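Q: I am new to this structure and would like to go through it step by step. Could you show it to me?

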Amino acid sequence: MQLAEVAMQLIRREQFTHMVTIANFETEGLRSSFAADPDLTVIAACREGEGVAIASGLAAAGRKVVLCIENVGFFECLDTLRALPCDMSIPLPIFVGYLGRGATYDAVRPFAGGMAGHVSLAGTWTEAVLDAASIKHTTLLPDADEADARTTLEDALAADEPFVVLVDQI
Amino acid sequence: MTQPTTYDAVLEQLGGLRRATDVVVATMTAGLIWPRYSTNDLDLLSMAPMGAASSVGLGIAVGRPDLGVIVLDADGSLLMNLGSLVTIGGQKPAHFLHVVMENGAYGITGGQELPGTGTQHVPSIAESLGYTRGIRWSDPSDLSAAVEDMHAGKGPILLAIPATQDVDLSQLAGYLNHENALRAFGRTGFENLRAGIQASEVTSTG
């Protein structure tokens with residue numbers, strides 16, 4: 001079973017209602033699955049900090065929300081994460097596309113051109129920044145065992161605070 | 001040209017117009033003053049991060065479309081989250097009033113001028129992005145009409161109000177420790193708001 005299918009099973013079971021998303025490649029499968037369900041609502045935001053604030057408002061209104069962004073956008077929204085879901089203990093599973101995981105400048109330069117240094121930097125910063133901010137996180141790879149993936153996702157969806165799931169693709 | 005009003009005049013008037021079931025998300029200078037005029041558990045004083053109030057308000061309006069949502073924003077704050085106008089215009093929350101207090105400066109950090117021409121064209125920009133109306137305040141009847149239209153589900157509406165800064169920041173502790181502020185700030189404010197919304201009976205969105 002694909003990761004997105006497992007995630008959607010659990011999202012429905014746990015009665016999530018909304019996804020807030022900022023355009024990214026890595027979580028597109030989950031976004032499209034969520035959008036295809038008539039009982040669920042996707043809200044596209046312009047920027048990650050804005051998306052975190054919308055998700056916080058939805059939580060204040062009693063809704064259950066997941067957020068989908070990529071790691072370079074995660075860096076952008078740190079202040080909003082700090083001030084809203086972290087400081088106010090808002091439950092918020094966050095699927096973060098792990099742009100640049102394991103990448104090196106030399107390896108990606110032929111493909112990414114001018115983006116190469118940027119991509120490598122994102123991979124280097126991601127977990128270090130999450131650790132510094134004391135945000136719970138885990139990595140879920142496409143070849144993860146289904147039972148392990150289910151456990152990881154259950155933990156993220158049940159957390160009573162922000163919980164980041166780093167994904168190459170879902 | 002419209003003469004600026006004051007924050008106190010606007011918020012006192014709004015205190016009389018606001019229904020008990022309306023959520024108010026107030027930020028920056030308006031967030032400091034609003035507790036003088038409200039004791040409602042559906043208030044959230046959203047002081048951090050700067051610029052997020054409109055988006056928090058949007059989330060509430062989408063999550064509970066039956067409730068009125070009034071965002072007391074400011075020109076400097078709005079410029080830090082200008083994309084929120086696009087998202088709000090796209091979502092079209094019908095019971096949403098976006099009040100933008102304009103003093104042309106970052107009042108909370110000492111009065112530094114806004115970049116460029118500030119937000120003087122924001123009402124027309126908001127309309128172009130999907131708000132049903134963008135209004136520049138000319139007298140108190142504009143606020144009354146905007147609140148009435150918001151209650152009637154004619155939003156999202158943006159009302160820009162030129163206003164002079166009338167907060168003495170040397171007295172900041174007094175504002176923050178106001179009895180009505182303490183229940184609406186930060187985590188306590190968020191928890192009170194969430195409980196208050198949960199306690200509000202869901203009604204037809206009309």
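This is a predicted model: local features need pLDDT of at least 70, side-chain atom pairs count only at pLDDT 80 or more; totals for chains, interfaces and linings use all residues.

A: Residues are numbered from 1 along each chain as its sequence is written, while chains are lettered from A and ligands numbered from 1 in the order in which they are written.

Q: How many helices and strands are in chain A?
A: Chain A has eight helices and six strands. Helices (H or I, at least four residues) and strands (E, at least two) are DSSP runs, numbered from the N terminus. Along the sequence, the pattern is α-β-α-β-α-β-α-α-β-α-α-β-α-β.

Q: And what percentage of chain A counts as buried?
A: Of its 170 residues, 45% count as buried. A residue is buried if 20 or more other C-beta atoms lie within 10 Å of its own, exposed if 12 or fewer, and partly exposed in between, with C-beta atoms placed from the backbone.

Q: How many residues of chain A are in contact with chain B?
A: 23 residues of chain A are in contact with 25 residues of chain B. Two residues are in contact if their C-beta atoms, placed from the backbone, lie within 7 Å.

Q: Which helix gives the largest share on the chain A side?
A: That is α3(A), with nine residues.

Q: Now chain B. Which residues of α3(B) are buried?
A: Eleven of the eleven residues in helix α3 (residues 53-63) of chain B are buried. Among them are Ala53(B), Val56(B), Leu58(B), Ile60(B) and Gly63(B).

Q: What do the buried residues of α5(B) pack against?
A: They pack against β2 (41-44) and α3 of chain A, together with α3, β5 (96-102) and α6 (122-128) of chain B. Leu85(B) and Ile88(B) are included in the buried residues of this helix, which covers residues 83-91. Just after α5(B), Lys92(B) takes a positive phi of about 55 degrees.

Q: Where is Trp34(B), and is it buried or exposed?
A: Trp34(B) is in the loop between α2 (28-33) and β3 (43-45) of chain B. Trp34(B) counts as buried because 27 other C-beta atoms lie within 10 Å.

Q: Which residues does Trp34(B) touch?
A: Not counting residues up to four places away in sequence, Trp34(B) touches Leu11(B), Val24(B), Ala26(B), Asp43(B), Leu45(B) and Leu72(B). The C-alpha atoms of Trp34(B) and Leu45(B) are separated by 8.4 Å, and these residues are eleven apart along the chain.
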